[in-house]
Amino acid sequence: MTILCVRFQLPPTREAALPELLGLLEEFTPVVEALPPDGALADLRGAERYFKRDAVELASVIRVRALALHGVDCVIGAGPGPMLARMALKAARPGATCAVPEDAAVDFLAGRPVAALPGVGAATARTLCEYGLDTLGRVATAPLSTLQRLVGAKAGRELHEKANGVDRGRVVPNGVSRSLATERPFIRDELDPGRHRRALLSAAEELGARLRALDKVCRTLTLTVRYADRSATTRTRTLGEPTAHSAALTRAAYGMYEALGLQRARVRSISLRAEGLDPAEQASHQLTFDPLDDKLRRIEEAADRARARFGPLAVLPGTLAA
């Protein structure tokens, strides 16, 4: 077990503390991959040799330091690869590390639903379940040719390997700068869908303005809805083209929100995260003949000039038409 998947139990108001917590992990290994808004992967192969401690023992030290230095507890999963570490994290409890040894991976996976496997989406899970392959144990024992007929040659081979505990993933060091986030908390738990949509509009406009100020575009948008019972729903959508256009971000946010089908949900806060940031100069834009879209882009340019001259509050988020 050389890979840790750590989820820091950060309240919504402290998501900005993630870089400091990543620095804590980097005291043990330089191979740290941020998983915004509150997690990370860490490859401890070098650390195990250097500190002469295994990954589970190092995880205990990391937890104690996070509590002592930052007042933040964490949940940790450990495994021989990133996939198994992520799945171990789902089974972990605060204060204890869930570890999956390589020789126990197949047994650990066998009883879990196929949808629990990272990379298996709703459509793939539905297809597999229609043929009785509803658990990873059944997928592991299914003929490779059957899986390839159902989901395709490459996807079938990868699915067969993962269900049998073969984890070929690796930790890719990065930083949290490849994402931007904003949150709209409500004064009290909010039932009104109209207020939910206005919060989404305001958040999307702020994200668009921040992206344009940095000359960045984003490829994916993530919506997180937090409820009164402290649970949350997260949805991610890949955009049709990389963009920093507030109207496009708003449309994507509205689409994800409507797909949730919330009915009288008591919502505590709504947050949006722009991920997969790239330089705007490297992005292409599909030209349209929509006069409304052109008008919105001209309004954005004027609003950006006002913000640059008079400050971020010169144009309040949520005041532009979408």
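R65 and E27 form a salt bridge, with their closest N and O atoms 3.0 Å apart. By salt bridge I mean a side-chain nitrogen of Lys or Arg within 4 Å of a carboxyl oxygen of Asp or Glu. R65 sits in helix α3, residues 55-70, and E27 in the loop between α1 (18-26) and β2 (32-35), so the pair ties together parts that are 38 residues apart in sequence. Helices here are DSSP runs of H or I of at least four residues, strands are runs of E of at least two, and both are numbered from the N terminus. R65 is partly exposed, at 33% relative accessible area. On that scale, buried is under 20%, exposed is over 50%, and partly exposed is in between, with a 1.4 Å probe and protein chains only.

A word on the source. This is a predicted model, in which local features need pLDDT of at least 70 and side-chain atom pairs count only at pLDDT 80 or more, while totals for chains, interfaces and linings use all residues. Residues are numbered from 1 along each chain as its sequence is written, and side-chain values use heavy atoms, with hydrogens and water left out.

The salt bridge count comes to 13. Another of them joins E206 to R184, at 2.6 Å between the closest N and O atoms. E206 belongs to helix α10 (residues 193-213) and R184 to strand β6, so this pair links parts 22 residues apart in sequence. E206 is partly exposed at 22%, whereas R184 is buried at 15%.

Next, R266 and D189, whose side chains meet in a salt bridge at 3.1 Å, N to O. R266 is in the loop between α11 (246-260) and β9, and D189 is in strand β6, so parts 77 residues apart in sequence are tied together. R266 is partly exposed, at 49%, and D189 is partly exposed too, at 25%. Shared partners also join R184, E206 and R210 into one salt bridge network.

Now the largest pocket. Its volume is about 1,500 Å³, taken as the space filled by probe spheres set on grid points joined across faces, edges and corners. A pocket is an open set of points on a 1 Å grid over the protein atoms alone, where a 1.4 Å probe fits, with protein on both sides within 12 Å along at least five of seven lines; lining residues have an atom within 4 Å of a point.

Which residues lie nearest the centre of this pocket? They are R7, P37, D38, T224 and T234, out of 40 lining residues. β9 gives the most to the lining, with six residues.
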